[in-house]
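Subject: Structure handover

Hello,

Please find the structure below.

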Amino acid sequence: MYFDFCVNDAPELVTNIVLDTIFNIVGDKTYCTPRKPVTAGKTYFVYTTLGNGVICYDNHTFEVGQGDFIFMHPNEKFSYRCKDDTWHFWWFEFKSEQQFAAADTVYNLAVSDFVMCLFEQSLVYAKAGRWDISSTLFTSVCNILQHMLLTTAASKHTENLRIAEQYIRENIQTVTVGELSAHLQMSERTLRNMFYSTVELSPKQLISKIRLDSAQQLLENSLLSIEEIAVQLGFCSQFHLSRSFKERFGIPPLKYRKFFQR
């Protein structure tokens, strides 16, 4: 077991974060803190680099592994221990009005060597008495993690949107919002929130948009009648297609075809 740490007994507000405790712990199966004193208003941050640990406080129990991190706001019964044979982690304690991620939630990100270097240099400067620099470096880590969380979520939404659009096109005649949410393995509410955050449309509106965009292409590039296009694209009637098309493009589909082909 190995410890490297620094604690500031008289922290001062030098940045928007008041950082006062840093630990780099290489724990083995004997590592255990059965009762951790809690300071009101403090945030406790842990990032696991190897192995597994168990963290308990209030009514929460978290199992953390490699790449997991969590911002904690405990009130009582704070304890943590190595789960198996190894738990290596960084531990920071600070006060700040800024929130970088939802508290009491385990996130997983594989960070770069650069971020690990920021952890290490934060401890180096703290041990040199430069808690101002140490706090700035740790703030940078938190900002990087926040950015990674946002971009990861955006990438996931983008991929889910691609899958959703593909499913709609492949099942355009019969697709429903319920079937789409089942295909993506998410609730209709989650699906709706994802669509609003990425394309600012509801699932029903996206289905309608894809149907009308497809109708436009068929009017331009096929000899299908308006009725045949309506059936092929899942409109309940030719009238439904004509009305929806005019609302979207400002012109009925038959006039659009004549205008396009002239």
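First, the ground rules. This is a predicted model, where local features need pLDDT of at least 70, side-chain atom pairs count only at pLDDT 80 or more, and totals for chains, interfaces and linings use all residues. Residues are numbered from 1 along each chain as its sequence is written, and side-chain values use heavy atoms, with hydrogens and water left out.

Confidence
The mean pLDDT of the protein is 91, and 97% of the residues score at least 70. (pLDDT is the predictor's confidence in each residue, from 0 to 100.) Strand S4 (residues 43–57) has the highest confidence, at a mean of 96. Helix H4 (residues 188–198) has the lowest, at 86. Helices (H or I, at least four residues) and strands (E, at least two) are DSSP runs, numbered from the N terminus.

Aromatic pairs
Rings of Phe, Tyr and Trp (its six-membered ring) pair if their centres lie within 6.5 Å; planes under 30 degrees apart are stacked, over 60 edge-to-face, the rest tilted. The count by this rule is 33 aromatic pairs. Take Phe3 and Tyr31: their ring centres are 6.0 Å apart and their planes stand at 50 degrees, so the pair is tilted. Phe3 sits in strand S1, and Tyr31 in the loop between strand S2 (17–28) and strand S3 (32–33), so the pair ties together parts 28 residues apart in sequence. Tyr31 is buried, at 6% relative accessibility. Phe3 is partly exposed, at 40%. (Buried is under 20% relative accessible area, exposed over 50%, partly exposed in between; 1.4 Å probe, protein chains only.)

Phe69 and Phe71 make an edge-to-face pair, 6.2 Å centre to centre with 90 degrees between the planes. Both are buried. They also belong to a cluster linked by ring pairs, whose members include Phe45, Trp90, Tyr107 and Phe138.

Surface patch
Met1, Phe3, Phe5 and Val7 make a nonpolar surface patch of about 380 Å². (Patch residues have over 30% relative accessible area and no salt bridge; nonpolar side chains are joined within 5 Å. A salt bridge is a side-chain nitrogen of Lys or Arg within 4 Å of a carboxyl oxygen of Asp or Glu. Areas are Shrake-Rupley, 1.4 Å probe.) Val7 lies in strand S1 (residues 2–7). Val7 is partly exposed, with 40% relative accessibility.

Helix H2
Thr152 is in helix H2 (residues 131–170). Its relative accessibility is 43%, so Thr152 counts as partly exposed. Thr152 and Leu109 are 43 residues apart in sequence, and 9.1 Å apart C-alpha to C-alpha.

Best regards

Methods:
Patches are made of residues with over 30% relative accessible area and no salt bridge: like charges are joined within 9 Å, nonpolar side chains (Val, Leu, Ile, Met, Phe, Trp, Tyr) within 5 Å.
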